[in-house]
Amino acid sequence: METKTDEPAAEDARTEEAATAETVAEDGTTRAAATEDASGADADADADADADAKTDAEAAGPSGVGQGAGAVVSVALGIVSLTGNWVGTVAAARETLVGQLRTSSTASVSQQIKEVYGDAWHTTALWAGLFALVALVTGAVVLVRPAFGAPGRPQAPWIKSVAWAGVALGVIGLLLAVLKYSDVLLGLPPAS
């Protein structure tokens, strides 16, 4: 009978050992998972530190804001050269007044047209040409700026596009201004 009582005790001992082994296995798994979590957290912290370092490096480098502003200014000046500007309008009005004061009433019709209207027309063309030239130069400076700045940082595509638009508007405005100033485009009518 002792054997029978020993067998349940042995079974109880084996059950306890199995339960302890399972607990150790669970603890081991838990410990392994905790180790993985800790190493994962360290990796995340390292990745965050690397990202912060990259952000700091990018913040320290040029951001391209000035180039973008220059490109937009180039386009605006090109549009102003094509549509007219306040300075050109005032200068043309002044030239008209000066022409009226200088021209006597006995002057020929062609002389009066030239002095009153022709000089004002040329002054408007001159100011439009100046705005177009500034637009052209500003756009060109924005386009060549990366060659003299940070060569490792490429220029944003939108900055290049807008700068090229400013250069194109400047060329068109300059061409039209030269044509207006030389009376090839919309010259003064002949006096007859």
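## Charge over a ring

A charge sits over a ring if NZ of Lys or CZ of Arg is within 6 Å of the ring centre and within 35 degrees of the ring normal. This predicted model holds such a case. The charged end of lysine 180 lies over the ring of tryptophan 121. The distance to the ring centre is 5.8 Å.

Aromatic pairs are another matter. A search of the whole structure gives zero.

## Fold

The protein chain is built with five helices and zero strands. Read from the N terminus, its elements run α-α-α-α-α.

Which contacts account for 84% of those with a separation of 6 or more in the protein chain? They are the contacts between residues 24 or more positions apart.

## Burial and surface

The protein chain has 192 residues, and 21% of them count as buried.

## Around glutamate 95

Where is glutamate 95 placed? It belongs to helix H3, which spans residues 86-102.

Beyond residues up to four places away in sequence, glutamate 95 touches Glu115, Asp119, Ala120 and Thr123. Valine 116 gives a C-alpha distance for this region: it lies 7.3 Å from glutamate 95, C-alpha to C-alpha. In sequence, glutamate 95 and valine 116 are 21 residues apart.

Technical notes
Residues are numbered from 1 along each chain as its sequence is written. This is a predicted model: local features need pLDDT of at least 70, side-chain atom pairs count only at pLDDT 80 or more; totals for chains, interfaces and linings use all residues. Side-chain values use heavy atoms; hydrogens and water are left out. Rings of Phe, Tyr and Trp (its six-membered ring) pair if their centres lie within 6.5 Å; planes under 30 degrees apart count as stacked, over 60 as edge-to-face and the rest as tilted. Helices (H or I, at least four residues) and strands (E, at least two) are DSSP runs, numbered from the N terminus. Buried means under 20% relative accessible area, exposed over 50%, partly exposed in between (1.4 Å probe, protein chains only). Contact means heavy atoms within 4.5 Å.
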